[in-house]
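Colleague: Please take one part of this model and go through it closely. I would like to know where it sits and what lies around it.

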Amino acid sequence: MRILLLLRGAAGSGKSTWVEKNHLKPYTLSSDDIRLMHQSPVMGTDGRLHISQENGEAVWKTLFRILRGRLQRGDFTVVDATNARTSELLRYKELCSEYRYRIYCVDFTAVPAKEAKRRNAEREEFRRVPDQAIDTMYVRFATQKVPSGITVIRPDELDTVWLKKRDFSRYRAVHHIGDIHGCYTVLQEYFAAEGGMKEDEFYIFLGDYTDRGTENAEVIKFLLSIMDRENVLLLEGNHEKNLWLWAHEEACPDREFELVTKPALEAAGINRKEVRSLYRRFGQCAWYEYGGNSYLVTHGGLAALPDNLSLVAAEQMISGAGSFEEAEEITETFRKTAPENCFQIHGHRNPKKVPLTPEDRVFNLEGQVEYGGSLRCLKVTHEGIFPAEIRNHVYKSAEEESVQKALSESPAADVLIALRNNKYITERKYGPFSSFNFSDEAFHGRVWNSQTVKARGLWLDTVKGKVAARSYDKFFNIGEREETRIDALQRRLCFPVSVYVKENGYLGIVSYNGYEDELLVACKSTMDSRFAEWFGEMLRAKVSAGHLEGMKEYIKEKDVSFVFECVDMEHDPHIIEYPESRLFLLDILHNEPETKKYSYEKLCAVAERFGLAPKEKACEIPDWQTFFDWYRDIRREEYRYQGRRTEGFVAEDSKGYMVKVKLPYYQFWKQMRGVAREVAKKGSVTNTAMLTTPEANLFYSWLREKYAAGELRKMPKDICSLRRRFLESGRAKE
């Protein structure tokens, strides 16, 4: 929790001993320890070792840098130093004001100077200080006082600092209100159903009051009106940091807040000073007793009830233990470890859409109310526990489109002009055909909009003013972008979702060239590259002449493009090893600006007609809960699809929205491919931090040995061959 303890006392007064006795070492920053990190003990003129005092500026710079990081996370922190000067204490006080910390001074100055000197003499030699230094400290303690606003306690009063469990049994009911997210109307529906807010009932709000919804100003006005009530506790959620930044007139990186919440607050004339006061009312958790039961309430959810809640960082109370996706794991752990009469209530994350039932001991109050879901509330009374879900029937999206749909709404001539005027799109000309693809700058800079995602193997016939060939719009990995995060997919995916095996090769496109009455064969944005040539060769090798002629006539008649995955083990083996080169028909797309393609059933029928191998459908997923479990399962290191390694999967929902998943095995060996290339050039890698697993280090060691022996340059350069030889060497991890 946001608690800072400043120990104040001379050397020998017992500060470090007190830290050890109270098991606070993991939470303590010691100025002496940092001095020893900067410099080993040095010898003085008396021949004795002592801690150098020459690095004061560097020591305090380091301490405050670490301290600021801890305060940003809301870590419980102890600072073990003499803290004799008022100016030093004021610096801590200023930081605690910035980060909303309670600050205490644990005062050891009551220990007599004579006793401090005696203890000092018994310390390790290098930790002793001259008696004169102790006398100087005591003079400072007497003349430089602890500033107001810092609570002074004796060493034996530590218990006064800790969070205590409150007893709410006197209230007729305790209400818990889940994430509101700017949905004021729904919130008021709950209170209306309860007959309004009552003085003899207690109300705990779980945080995330604004953003995404459309009634943010109304919610803030309501919170301002109730924040001083004794029967109201407002907890802090992760979205409240946006309010803090706005209230202090600082830039907020959250797009939703900037586009929706901020204009609403300012249009409503909400006072920033009042919002600062509101923010300072936000608590980190509620821990209370009611009718013989204990209740732990946080925004994010914890995996267990610790012996001392004060030692849990505010960041964990707000964001929860574990990752966003591990809500189910923390729930199971809490059920197993907490006493039977202990209950937990939290919001923030509900990736598996677990239901809200009165029989549980862990209640999840995240109901996605801002996306047309429900405001979840929980009422605890002496008669029982009563969940409530109030559906948001007035839902409308608060997101604003930032990019116009130029390609879907413009004629081909305007599309051509738009693409040529976009600096993040490259054009290659092949007679009447021009190919468009996003640039390296767009890829590395993640400049994605409606044009750059469309320009991915898009071919225009600039004479006839039409799409000549095309592949997919660019789509992304789960977690790669804001809209493909697992919590965003939870509300975006339309079920059922079809899952296809993602083969490991390069993309090939086949359409029709009416000027030459032949197939247009391309590899993304080129017709004359070696990849396009290899793709053409494989087409002729894998597909009979008769079928190729039939494909030409079919593509001409239907005005479509065949999109292939080309697994070329001869010329361009990638990460996954195949026994032979393969061609997979991924999709058949209409030659139109907007993505429109054949169903999987129709794709398979056409593939059979022309002797082609269609992409493999791995499964069909009926609902979100099943999708979430599938996603967690395939991310295991040991996962194999039907006993074989593969690059990953492509998931496509019932409306055509696509995301992909790269499996751990593929990602690992893709990284090792980069390692192998660097070792082949210079015998080692610059950044060994990437070697995070035993297998990575074993492979790296094997590469270096082969390089030193002059063997690596004679070996095949592709990772499939290198991996095979590495495994055959017996050096791989069992």
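Modeller: Two residues count as being in contact when they have heavy atoms within 4.5 Å of each other. The model is predicted. I start with glutamate 215, which lies in the loop between β10 (201-205) and α8 (216-226). Is glutamate 215 buried or exposed? The relative accessible area of glutamate 215 is 16%; buried means under 20%, so glutamate 215 is buried. What does glutamate 215 touch, once residues up to four places away in sequence are not counted? The list is Gly182, Cys183, Tyr184 and Thr185. Histidine 181 is 34 residues from glutamate 215 along the chain, and the C-alpha atoms of the two are separated by 8.4 Å.

The side chain of threonine 298 reaches the backbone nitrogen of glycine 301 at 2.9 Å. Leaving aside neighbours within four places in sequence, threonine 298 is in contact with several residues, among them Leu206, Leu235, Gln284 and Cys285. Met317, Gln344, Ile345, His346 and Gly347 are also in contact with threonine 298.

How values were computed
Residues numbered from 1 in each chain as written. Predicted model: local features only at pLDDT ≥ 70, side-chain atom pairs only at ≥ 80, totals over all residues. Heavy atoms only, no water. Polar contact = N/O pair within 3.5 Å; in protein donor to acceptor, adjacent residues only side chain to side chain. Helix = DSSP H or I, 4+ residues; strand = E, 2+ residues; numbered from the N terminus. Buried < 20%, exposed > 50% of the residue type's maximum accessible area, 1.4 Å probe, protein only.
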